[in-house]
Each structure stands twice: as C-alpha cells, then as structure tokens.
Amino acid sequence: NPVTLVNNTVHGNGVGGLVIWATRVNIVNSIFWNNGGTEILLEPYGLSPALTLSHSVIQNGTAGIRLGSSSSPNPYTWGAGMLGFDPQFVDAASGDLHLLPLQSPCVDRGDNNAPGLAATDFEGDPRVAGGTVDIGADEFFPHLYTIGRATPGGRVTVKLTGTPTELAFWGMSGATVSPPLLIPGLQGALHLSPAGLAVVPLGALPATGVVAFSVGLPASFPQMAIPTQALIGTQLTNLHVVGVW
C-alpha cells in the first residue's frame, strides 16, 4: 500500500528530515525545511520508487530529495503547488513553528482535496480556516499559547497570533465554565468564568501578527492551574491552561 503524508512539518533535524522505507509515497501540504541538506530520503529496497509531491515546501527543491538504491531515472513527480520559499515560522530557533500570517507563503496555499485532510490542525484549530488549507502542521488561526515552563520564581512567555492591526486582549480567571458561553457579536466561545475574570489590553497586533510578553511569577506563587484565553478582534481564542508547578 502507498504511504500518504498530509499536512506535516519536518524541521530542524540536523542529520536529515524524513526517511521513508517504501516504494510508493504521496506527500501533500507538507513542509521540509532546515534538515541538514537532505529533506527527504526514500529507500525503496532496490525497487523503482514512485514519489509524488504536491502543494509542499522542500528546501533546496529537488536537490533536497535523495534516493537510496533506486535505479529509476525519474523517481519522483514534482506536482502542482510546490514551493521553495522560506516557510516564515514565528520563531524557528526556539521551536515555534507557527506560520506568520502575512509573511508565510504557506498560508492558503495547500490542496483542499488532499486525501485524509483532518478537520483540525495539530493544536485543535480549524484546518481550513481561510477557505484554502495552509501548508504544514499549523493552520493559521487566532491562537493563544505559552513558551517555557511556568514555575514559582520563574518566567513564562505568552504569545498570541492573529490578523495584524486587530486589537488584542488577554484574560485569566480562577475557573472555567461548562458549557462555554456564547457572547453576542463575538466568534468562538468564552471558556473563562466571568467571576474573577481579569483582562489585560494588549493594543493592536503588529505587522507580524504576533505579540509576545513575559510574565514573571514570584517565588511564593502557589502551584496551580490558571485558565487563560484571548480576544483578537472579534475572535475568542482557544482555552489555554497554564500549569504552575
């Protein structure tokens, strides 16, 4: 049976990206970038492979693909929608592989007819958020997340991604509500309990569509789970629970 890979991001593997032990491989809506030169290695056990790529990003183009013991003179099909541009991640050096909303060539450039296309991306955002699916594991959608480990006496970086120039607010509460609340005029749902809700205005998102700020915790801060959520424009984001341990 053929191996099919859809909406994957393979990045930062210094000795090579993806090794596939198969003879028939179909890769769609995927990113292979900064993997030490060889982005895809296909080892077909001496048989003639059939590798088909479409609507994907391969660093160095066809030079990023290597085949093991293949004797086929034309081992792969370079299909429609292939790109060789930098995917423009938010911060690849720190492992933040979210797509920048305006800069990334991967936004709205995938194939909606890809086999097995999931309903959501790797973190639960709607998979086809802008009419056309994005390339890679991340589908650009207003999202709240943190970088680092929250510990008493430490710091954690809070990040929001959304459409540039839209106003953003970050909120936290001592509890969540179930079911979440629908607010007239807003998209999504409010997961935070209005009782004890604290909201911090962050202003308009910059041209990158990403805002990040550091939050320090005193050494005496108790170990607890803190529900947080953001409002970007009229879109309520995902619930993100910060565990302080």
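**Figure 1. Overall view of the protein, which has zero helices and 22 strands.** Helices (H or I, at least four residues) and strands (E, at least two) are DSSP runs numbered from the N terminus. The model is predicted, so that local features need pLDDT of at least 70 and side-chain atom pairs count only at pLDDT 80 or more, while totals for chains, interfaces and linings use all residues. Residues are numbered from 1 along each chain as its sequence is written, and side-chain values use heavy atoms, with hydrogens and water left out. Taken along the principal axes, the C-alpha atoms of the protein fill a box of roughly 65 × 40 × 35 Å. Of the 245 residues in the protein, 42% are buried, where buried means under 20% relative accessible area, exposed over 50%, and partly exposed in between (1.4 Å probe, protein chains only).

**Figure 2. Close-up of the cis peptide bond between Ser178 and Pro179.** The omega angle of this bond is about 0 degrees, and Pro179 has its place in strand β16, which covers residues 176–181.

Figure 3. Asn29 is a residue other than glycine with a positive phi, near 55 degrees. Its relative accessibility is 0%, and therefore Asn29 counts as buried.

Figure 4. Because its relative accessibility is 34%, Asp108 counts as partly exposed.
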